[in-house]
Amino acid sequence: MTFLRSEENGPRDSSVLAFLKSNFGFVPNVFRDQMLRSDIVQAEANLIDSVLLKQGALTRFQKECILLVVSAANSNTYSVALLGQTLEILGISREQSDQIAVDHQGSTLSEADKAILEATKKLAESPIAFSEEDIKSLRRQGFSEEQILECILITGLANFLNTVQTGLGALPDFPPRIVFPLKKEVNLSLESGRPTIERALDKDFLSEDPDTEIVARVQGGDTDAFEELVRKHGRRIYRSLVGILGSADEAEDAMQDVFMKAFQHIRDFERRSKFSTWLVRIAINTAIQRVRGRKEIDSLEEEDGEFRPRNIQAWQDDPEQCCSKEEMRRLIEKEIIKLPMKYRLVLMLRDVEELSTAEAANALGLGVPAVKARLVRGRLMLREALVPYFSKESTGVTA
Amino acid sequence: MIRCDEFITELGSLLDDEVAVEIRQQLELHLAHCRSCQVLYDSTRKTLRIVTESGSFEYPEPIAEPLVERIMSRIRSSCDTDQSPTE
């Protein structure tokens, strides 16, 4: 959704979208909304590749922090949410990235990193006050000419992307944790009835969470209200747990822990995402902790050699017709549970729970490429296991 | 033309419709000529469809109610001992 008419958004299937997807794990709306001119999006993608993604004088982490601080200085809720997510994939906790966005001086960054962020913030916030003295001070901190140049280019890139996002009204890709208050000039547009990003945010992530009222009651001390949340979300939580843990008994046990943790921490829940999303994340973390407590920890960390499908027999046109729905369900569960844990985790999150690649990467603490590699392997392994049931020569399902 | 192992590496992105146009064209060209990869692509696509539609890992009715009761009883007893939910 964008301020521009969506039917004019240009071609959907484009190599530039694939490039963005491969680098971000998805296509951020700020680019999707410019596809009326995919040639320009391509040029932006090339710039991002050169300035941000390719190895330069600054580290990727320093560059992402500069983007974050400039976006926060511009009160750009969209970009701060996107960068928080990116930093999390790079191994930086949400608490750390929130601290850097709101007050980098109070963060645990090195003095040199704080200095470069201070300069970048000044350049973005009050360019009129920026002078050669600021550059000299970066040199004194040990930054090279090339590093300073990259810092300035990334500040410019962040300003550009922030302006494009605000102008297009691109909706957030992730529920934001920090929502900046409206600036005066944006409020003027509110009076004219033009939608603003904060309005859209409010609609999508805040007031539309169907659990807002019940959660507020629990936060206010109404323990009985929590029972409604357990009933409502039990099914989804149980599914995630049993799929990851592979045992109904253990899933029941883990489910008690999940809801216990959710109850104990419900006052920390700030409605930056839907309650259900927050709860699923607790469930995934709880399940992963249990998995890590088992011997399967080794299989989670090690990378295997190349996997080659062996059984290449053509499948029936309609394998769903081979058996009843119940038989099919049992067969799929049995075969998913047999997959090695690291492939099962990714397959459960992506194909059963239908999280995006970036969300699954985030939940598992992996990079997007690792998630993709494990997912294709998991799917191929599952396919291989199903060949005897669904190939043209098979005799049927007896799961 | 790309090889079968390169096709397999890209298979996941192809199934998720996440490949660049030029790569897609190469993959399709490979598919048109390679019977094994055609079978692999078709059967993996069907695997994915079955997984999504199978309704796997459902929450069995008989355990739901006792489980809710156990969870709430743990929570209520924790409230009797501490000041949960925590401030």
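**Salt bridges and the A–B contact**

I start with one pair: R235(A) and E58(B) form a salt bridge through their side chains, with N to O at 2.6 Å. Before going further, note that this is a predicted model. Average pLDDT for chain A is 81, and 82% of its residues score at least 70. Residues 181-207 of chain A are the part to watch, with pLDDT below 50, although the model gives this stretch 43 contacts beyond near neighbours in sequence. Where pLDDT is low, predicted coordinates should not be read in detail.

Now the contact as a whole. Chain A puts 62 residues into it and chain B puts in 52. Together the two chains bury about 5,200 Å², of which 62% is on carbon and sulfur atoms. How many salt bridges are there between chain B and chain A? The count is 11. There are also 15 residue pairs in polar contact between these chains, with both residues at pLDDT 80 or more.

The largest share, 15 residues, comes from α3(B). Sorted by class, that side of chain B has 22 nonpolar, 17 charged and 13 polar residues.

A second pair between the chains is R350(A) with D16(B), a side-chain salt bridge at 3.1 Å, N to O. R350(A) sits in helix α18 (residues 341-352) of chain A, while D16(B) is in the loop between α1 and α2 of chain B. Is R350(A) buried or exposed? R350(A) counts as buried, because its relative accessibility is 11%. D16(B) has a relative accessible area of 21%, so D16(B) is classed as partly exposed.

Next, pairs within a chain. Over all chains the structure holds 39 salt bridges. In chain A, K114(A) pairs with E111(A), and their closest N and O atoms are 3.5 Å apart. Both belong to helix α7 (residues 111-125) of chain A and are three residues apart, about one turn of the helix.

In chain B, the side chains of R24(B) and E28(B) meet in a salt bridge at 3.6 Å, N to O. Why are they separated by about one helical turn? Because R24(B) and E28(B) are four residues apart in helix α2 of chain B. R24(B) is buried, with a relative accessible area of 18%, and E28(B) is partly exposed, at 42%. Elsewhere, salt bridges with shared partners join D224(A), E227(A), R231(A), E65(B) and R76(B) into one network.

T77(A) is in helix α5 (residues 77-89) of chain A. Its relative accessibility is 2%, so T77(A) counts as buried. T77(A) and N162(A) are 85 residues apart along the chain, yet their C-alpha atoms are separated by 9.3 Å.

That is what I have; questions are welcome.

Notes:
Residues are numbered from 1 along each chain as its sequence is written. Chains are lettered from A and ligands numbered from 1 in the order in which they are written. Side-chain values use heavy atoms; hydrogens and water are left out. pLDDT is the predictor's confidence in each residue, from 0 to 100. Contact means heavy atoms within 4.5 Å. Buried area is the accessible area (1.4 Å probe) that two parts lose on being put together, summed over both. A salt bridge is a side-chain nitrogen of Lys or Arg within 4 Å of a carboxyl oxygen of Asp or Glu. A polar contact is a pair of N or O atoms within 3.5 Å; within protein, one must be able to donate a hydrogen and the other to accept it, and residues adjacent in sequence count only if both atoms are side-chain atoms. Helices (H or I, at least four residues) and strands (E, at least two) are DSSP runs, numbered from the N terminus. Ala, Val, Leu, Ile, Met, Phe, Trp, Tyr, Cys and Pro count as nonpolar, Asp, Glu, Lys and Arg as charged, and the others, Gly among them, as polar. Buried means under 20% relative accessible area, exposed over 50%, partly exposed in between (1.4 Å probe, protein chains only).
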